[in-house]
Amino acid sequence: MRSVRIGLFAASIVAAVAVGVAGWALWRPGPDIETMKARFARPEAPPFPSGNAFTPEKARLGKTLFFDPRLSGANDLACSGCHLPEKGWEDGRPTAVGAGGKAVGRHTPTLWNVAWGHTFFWDGRARSLEQQAAMPIEAPNEMNQPLAGLVAELRAVPGYRKAFAEAFPQAEEAVSADNLRKAIATFERTLVQPMTPFDRWVAGDAEAIGDSARRGFRLFNGKARCVECHGGWNFTNGAFHDIGLPATEDKGRGPVIDVAEVNNAFKAPTLRDVTRRAPYMHDGSLPTMEAVIAHYEGAFARRPTLSPDLEAIELSGREERDLIAFLKTLETPATARPSTAPELPE
Amino acid sequence: MIRPAACLALIAVLAVAACDGSDDAGPPKVSQKGKAFHPDSLDIAAGQTVVLHNDDTRTHNIRVFHPAMDFNSGSQKPGEDMRLTFEDAGTYFVTCGIHPRMELKVEVAPPDGKGADEAE
């Protein structure tokens, strides 16, 4: 009899706890708007590694190299051929076009705020910008230029000899592959997106964004679940996810780290300037923001590698418009867009 | 009627269930939960082993990039332990290859008590 009573008592405790937890979950309010905004406050300046500190000379040289088509094997394609400043450092194509005018398998990623990146490329195979900088130059299907040949070519240009010597005054031989990587990486770290209407709103300008965008911000942090992968001031957690796009031979992160569970997974990109950077996804397969939302509303492939962070969302037509209105507040203002290409040395 | 002793026993059981299961006599344990390491820094001595437990609901991939240790755990599924032994003094950063913002800083002191920097 006593054991029955104890059993009933224990069961009633379990039931009370369960009801309490469920009640709390239903009652618990979400974070207030100021708390949410605080999570998106911009840092003051980009970080530079101790092994490649910022200097204006290095950044200037890196910019010149970035815009120079002589960095490609056929002298016809610069880094800026795919990373166009006027297109949010992308190219507007579904996938990039490399050497010989042939399509590269993946969409060109933006370079906004790469100084804060942990890994680079859609599959994260480069762990620093210095490592990343030379890889498209050497890739046969991109710029197709071995570095040794490129260095010899640059040494033959007086203007480059001078610019490298100014950027690396301590170096015995300033024009080198390592210094080319460092200069391009330094320039890339300066590509910090200018203040957007959203940033001004976070900083205290209550009128910087409209009502629809404010509702969209709440959706972004709540019902639309965007913040799961695109949280923080740069709108990415840098993690790798299979989001259920059509499977291809390109397995993304899985082969890079030898973990089959992340086959089909690619890095969550920043959403800054996103409404100026269509088409979308690593394969450029979704042409509009509306198509992206439809994808997350359940138009994705269910398979074992699908990200555990991905659940189908459900938004009304008005909510979709609000979400897009919010994303548009992340656009670089027309007056703050990057300047034109530099003059190339002879 | 439940007796006070039974209540105390119930409380003790709940307390044990609520703790993290660490054992003072065993190697330091680090939990991975919510895409973060807990704790996110450790001070140990050279030769010591750290147990990394995946308390998350997702697969992790433990990575260490250091001149003295280039480590790739492969797939670490929820509930699995991974043991890492730090043989050499120095400062190590343990990350996840799937969630690169996860970072565990491990300061490894030499066995004779010299500072990690002196030993490097």
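Analyst: A polar contact is a pair of N or O atoms within 3.5 Å; within protein, one atom must be able to donate a hydrogen and the other to accept it, and residues adjacent in sequence count only if both atoms are side-chain atoms. The model is a predicted one. Between chain A and chain B, eight residue pairs are in polar contact, both residues being at pLDDT 80 or more. On the side of chain A that touches chain B, the elements giving two or more residues are α1 (2-27) and α11 (253-257) of chain A. Of these, α1(A) gives the most, with four residues. By residue class, this side of chain A divides into eight nonpolar, six polar and eight charged residues.

The contact draws on 22 residues from chain A and 19 residues from chain B. The size of an interface is often given as the accessible area lost when the parts come together. Here the area buried between chain A and chain B is about 1700 Å², and carbon and sulfur atoms give 56% of that area. Three salt bridges are counted between chain A and chain B. One of them joins the side chains of B:Lys77 and A:Glu261, with an N to O distance of 2.8 Å.

Within chain B, the loop between β6 (69-72) and β7 (81-86) holds B:Ser73. The relative accessible area of B:Ser73 is 16%, and the residue is therefore classed as buried, the limit being under 20%. Leaving aside residues up to four places away in sequence, B:Ser73 touches B:Asn61, B:Ile62 and B:Met82. A polar atom of the B:Ser73 side chain lies 2.8 Å from the backbone nitrogen of B:Ile62. B:Leu84 is eleven residues from B:Ser73 along the chain, and their C-alpha atoms are separated by 9.5 Å.

An α-helix has 3.6 residues a turn, so residues three or four places apart point the same way. Just after α12(A), A:Gly298 adopts a positive phi of about 130°.

Methods: Residues numbered from 1 in each chain as written. Chains lettered and ligands numbered in written order. Predicted model: local features only at pLDDT ≥ 70, side-chain atom pairs only at ≥ 80, totals over all residues. Heavy atoms only, no water. Contact = heavy atoms within 4.5 Å. Buried area = accessible area lost by both parts, 1.4 Å probe. Salt bridge = Lys/Arg side-chain N within 4 Å of Asp/Glu carboxyl O. Nonpolar A, V, L, I, M, F, W, Y, C, P; charged D, E, K, R; others polar. Buried < 20%, exposed > 50% of the residue type's maximum accessible area, 1.4 Å probe, protein only.
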